[in-house]
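Okay, thanks everyone for coming. I'd like to walk you through one structure today, so let me put it up on the screen.

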Amino acid sequence: MGTHDGEGTGIISKEELFVQLGDELFTKYTKEGKLPHAVFHWMCRSLVTVAYELFVLNLRKLEIVLIRRPVDDPEWPDLLHSPGTVIRLGETFETARDRVIATEIQAELSAPVFVKAHRFPKGAGHPRDEVNLQYVAVVESPPKHGSFHSLDDLPETQMVAHHVVMATFLRKW
């Protein structure tokens, strides 16, 4: 089953219509720099996303900064997470890092250092396939967002996937 191509020359398939609509969305939203959340989450069901994850430490007290996600978050409502973001189309690691620091942390940090990459397959507490690039930085001024939590006693209200990330990260340190 298809639809008319709008030029009276025939019928196009659902797949061709899907591609045309997708092209329109990408043209519009890549100019704006961000897809609407609903479109992003729909697309993630069939793609592997790459995330920039930043562990912000206070070494004087062996603490890590965690931030609460919004109550209406479609994937992890009201759970704590380490600052991070999915790397957007056209972004570099540096622009993703700068966006995380400017929007999620708003504090002076040491230069982030790469720790490791971790792959989360869809399922087992994770809503999509994701490669998580893990970085660490030391806080040099109090963060405007989030709160400090002891590395010895991380809260249970943390994203399931982040329990795995934190355990891996702490073993490496």
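This is a predicted model: local features need pLDDT of at least 70, side-chain atom pairs count only at pLDDT 80 or more; totals for chains, interfaces and linings use all residues.

I'll go through the aromatic rings, then the nonpolar cores, then a helix, and finish with the charged pairs.

Let's start with the aromatics. How many aromatic pairs does the count come to? Two. Take Tyr52 and Tyr135: their ring centres sit 4.4 Å apart and the planes are at 20°, and since planes under 30 degrees apart count as stacked, this pair is stacked.

Phe114 comes from strand S7, residues 113–120, which puts it 21 residues from Tyr135 in S8. Is Phe114 buried or partly exposed? Partly exposed, because its relative accessibility is 44%. Put together, Tyr52, Phe114 and Tyr135 make one aromatic cluster.

While we're on S8, have a look at Asn132, which lies in that strand, residues 129–138. Asn132 is a polar side chain that counts as buried, at 1% relative accessibility. What does the Asn132 side chain make a polar contact with? The side chain of Glu53, at 3.0 Å.

Nonpolar side chains in soluble globular proteins tend to be buried together. The largest nonpolar core here has 16 residues, and the ones touching the most other members are Tyr52, Leu54, Val56, Ile105 and Leu109. So which elements give two or more residues to this core? S3, strand S4 (63–68), helix H3 (93–105) and S8. H3 provides the largest share, four residues. If you click on Ile105 and ignore neighbours within four places in sequence, you'll find contacts with Leu54, Val56, Pro83, Val100, Pro143, Lys144 and His145. There's also a second, separate core of nine residues, and Ile64, Leu80, Val136 and Leu151 are among them.

Quick stop at helix H2, residues 37–44. Its buried residues are Phe40, His41, Met43 and Cys44. Looking down the axis of H2, those buried residues fall within an arc of 160°, so they line one face of the helix.

Last bit: charges. Side chains of opposite charge can pair when their charged atoms come close, and the count here comes to five salt bridges. I'll show you some of them.

Arg68 and Asp78 meet at 3.9 Å, N to O. For anyone who cares about cut-offs, the limit is 4 Å. Arg68 is in strand S4, while Asp78 sits in the loop between S4 and strand S5 (80–81), 10 residues away. Arg68 is partly exposed at 44%, and Asp78 is partly exposed at 35%.

Arg97 pairs with Asp98, with the closest N and O atoms 2.9 Å apart. Arg97 is partly exposed, at 24%, as is Asp98, at 40%.

And then Arg119 with Asp129, at 3.4 Å, N to O. Relative accessibility is 47% for Arg119, which counts as partly exposed, and Asp129 is partly exposed at 22%.

That's my tour, and I'm happy to take questions.

Conventions:
Residues are numbered from 1 along each chain as its sequence is written. Side-chain values use heavy atoms; hydrogens and water are left out. Buried means under 20% relative accessible area, exposed over 50%, partly exposed in between (1.4 Å probe, protein chains only). A polar contact is a pair of N or O atoms within 3.5 Å; within protein, one must be able to donate a hydrogen and the other to accept it, and residues adjacent in sequence count only if both atoms are side-chain atoms. Rings of Phe, Tyr and Trp (its six-membered ring) pair if their centres lie within 6.5 Å; planes under 30 degrees apart count as stacked, over 60 as edge-to-face and the rest as tilted. The arc is that of the directions from the helix axis to the C-beta atoms. A nonpolar core is a set of buried Ala, Val, Leu, Ile, Met, Phe, Trp, Tyr and Cys residues joined through side-chain atoms within 4.5 Å. Contact means heavy atoms within 4.5 Å. A salt bridge is a side-chain nitrogen of Lys or Arg within 4 Å of a carboxyl oxygen of Asp or Glu.
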